[in-house]
Amino acid sequence: TKFASLENRIAQLKASKITDTEAKALIYDMVAKGVVNQNALPTIGKLYFEPTHQEQADEFGGSLWMLNNAVTEYAKGLKPNVALDVAQGVGALMGM
């Protein structure tokens, strides 16, 4: 089912470890591909490299899942239609 497929993809994101350099490159790609505005770089970077939810950082730090969570946290401050576009763009970038 579609739900099972999403669960599998989330599990893959949680297991997909990335280096700091890869995380920075992915954040840059989000700007280059128009997923987020360049003004989002510092916020997303801080949310990824200095996460506010320590329990998630301990379990999923250095993963695509943590990067996805950082972008999701950033998107919470956007207008709903913009946040949806960001979520869809990041999902496409991460193969979701």
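**Close-ups of a predicted model**

**View 1. The buried residues of helix H6.** Five residues in H6 are buried: Ala-83, Val-86, Gly-89, Val-90 and Gly-91. This is a predicted model, so treat each view here as a look at a prediction. What do the buried residues of H6 pack against? Their partners are helix H2 (20-32) and helix H5 (64-75).

**View 2. Helix H6 from end to end.** H6 covers residues 80-93, which makes 14 residues. After H6 comes Gly-95, and its phi is positive, near 75°.

**View 3. The aromatic pair, Tyr-48 and Phe-49.** The structure has 1 aromatic pair. The ring centres of Tyr-48 and Phe-49 are 4.8 Å apart, and because their planes sit at 90°, over the 60 degrees needed, the pair counts as edge-to-face. Is Tyr-48 buried or exposed? Tyr-48 has 6% relative accessibility, so it counts as buried. Phe-49, with a relative accessible area of 33%, is partly exposed.

**View 4. Lys-14 over Trp-65.** Here's another lysine and ring: the charged end of Lys-14 sits over the ring of Trp-65. The distance to the ring centre is 5.1 Å.

Definitions and conventions:
Residues are numbered from 1 along each chain as its sequence is written. This is a predicted model: local features need pLDDT of at least 70, side-chain atom pairs count only at pLDDT 80 or more; totals for chains, interfaces and linings use all residues. Side-chain values use heavy atoms; hydrogens and water are left out. Helices (H or I, at least four residues) and strands (E, at least two) are DSSP runs, numbered from the N terminus. The expected span of a helix is 1.5 Å times one less than its number of residues. Buried means under 20% relative accessible area, exposed over 50%, partly exposed in between (1.4 Å probe, protein chains only). Contact means heavy atoms within 4.5 Å. Rings of Phe, Tyr and Trp (its six-membered ring) pair if their centres lie within 6.5 Å; planes under 30 degrees apart count as stacked, over 60 as edge-to-face and the rest as tilted. A charge sits over a ring if NZ of Lys or CZ of Arg is within 6 Å of the ring centre and within 35 degrees of the ring normal.
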